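Please load the model in a viewer and keep the selection tool at hand.

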Amino acid sequence: MKLSIARSELLDALGVVSKSMSSRSTLPILSGILLETTGGLLTLQATDLEISIKRSSPALVESEGSVVVPGRLLTDIVRSLPDAAVTLETDGDRILVRCQQSSFTVKTMNASDFPKFPEVAVDKAITIPSSILSSMVKKVSRAVSRDETRAVLTGVLFLIDGARIRMVATDSYRLAIEETLLSEPVEQDVEVIIPGRALEEASKISSDDTVRIGVSENQVVFEASDTTFICRRIEGSFPNYKQLIPQHSDEDTTVVVVTDELAAAVKRVSLLAMHNTPLKVTINVEDQTLSLSANTQDVGDASEDLMVKVEGKDVEIAFNHAFMTDGLNAVSTETVSLHVQSAIKPGLIESGEGEDFRYLLMPVRLG
């Protein structure tokens, strides 16, 4: 195998496929990236047996072939090279990497030992704008659980019903729901639980305007013009999130505040919320204020008052400051609403007009 390729093209391709490269596997081949040449294309593949990614890039191919190269090492080499054409040439069980005056020789692995790229028979397929996919994933991904013992919670519920797309994630301490409308409805409704880590990476693969999402019995496929991303779907029943969302009632206290002001105040006061100390939120209807405070024993305390628009009754409640920050950072509207009922019931953060994002936050007991 011998080819030349632009360093920027090769580095982009390595950056994409390395997301599925295994770093902890007992199989050395899974820490490698498969390089294959066909026609005028160099195709790179990587897999950890849960996620598989394939990316093709244009190249000047002099002789075709395939080889597996240690992925991290190849990426580090290419990243260190000047921005010029890179030549890759196999020589027995080694590959030569050359660029201008630089030359590297790296031991390779046999391509025949690399797992075959999955062939997925898709039952349902839809095409959506990649910008919508990326934006929605960013808003809900922080609420995905990292606890592998509850596999369903490590995924994102992905629903498409006509023109409405909904993503839902929860780690049982908070719940994030993002909805958006497509310009026109899709023909096939979709409901699938996608691993959170995989969905985050899949949302970054496309430089195209659209991404095609296909669902089979066991797998989910994301396709852009030059990239194919495949992951396993999570089996099981997602929690009934609808019954967790509190219904608005006369018992609610609703605070409307400028999003950036609240987020900045939470960040400042949280500097004194150490060692799992809760962030206390005090709402005063008469003064139309929202007060934040935190106290860490033997360290110090902090407080800040914000002028807000309040309807309802006075309430005092406390939250995990990091979880509250995550929710506020997901809101992109100018104002945000905070709905609370009592110190022992969840609080609900809702985005302002033009966005349909809700973030349910379990309270923390005070004292």
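**Aromatic pairs and a charge over a ring**

The structure holds three aromatic pairs, where rings of Phe, Tyr and Trp (its six-membered ring) pair if their centres lie within 6.5 Å, and planes under 30 degrees apart count as stacked, over 60 as edge-to-face and the rest as tilted. Select Phe222 and Phe229, one of these pairs: the arrangement is edge-to-face, at 5.9 Å centre to centre with 80 degrees between the planes. This is a predicted model, in which local features need pLDDT of at least 70 and side-chain atom pairs count only at pLDDT 80 or more, while totals for chains, interfaces and linings use all residues. Residues are numbered from 1 along each chain as its sequence is written, and side-chain values use heavy atoms, with hydrogens and water left out.

Are Phe222 and Phe229 buried or exposed? Phe222 is buried, with a relative accessible area of 1%, and Phe229 is buried at 0%; buried means under 20% relative accessible area, exposed over 50%, and partly exposed in between (1.4 Å probe, protein chains only).

Next, select Arg174 and Phe323. The charged end of Arg174 sits over the ring of Phe323, 4.0 Å from its centre; the criterion is NZ of Lys or CZ of Arg within 6 Å of the ring centre and within 35 degrees of the ring normal.

**The open sheet**

Select the five strands of the open sheet, which has the order β5-β1-β7-β8-β9 and antiparallel pairing. Helices (H or I, at least four residues) and strands (E, at least two) are DSSP runs numbered from the N terminus, and two strands pair if DSSP finds at least two bridges between them. At the edges are β5 (60-63) and β9 (102-107), each pairing on one side only. From one strand to the next, the twist averages 15 degrees.

Within the sheet, select residues 85-91 (β7) and 94-99 (β8), which pair in the antiparallel sense over five bridges. Glu89 stands opposite Leu96 in β8.

**Helix α2**

Select residues 71-80. This helix, α2, lies across β8 and β9, at about 175 degrees to β9; axes are lines fitted to C-alpha atoms, for helices over the stretch in contact, and angles run from 0 to 180 degrees between N-to-C directions. Contact means heavy atoms within 4.5 Å.

Which residues of α2 are buried? They are Gly71, Leu74, Thr75, Ile77 and Val78. Seen down the axis of α2, these buried residues fall within an arc of 165 degrees, so they line one face of the helix; the arc is that of the directions from the helix axis to the C-beta atoms. On the other side of α2, Arg72 and Ser80 are exposed.
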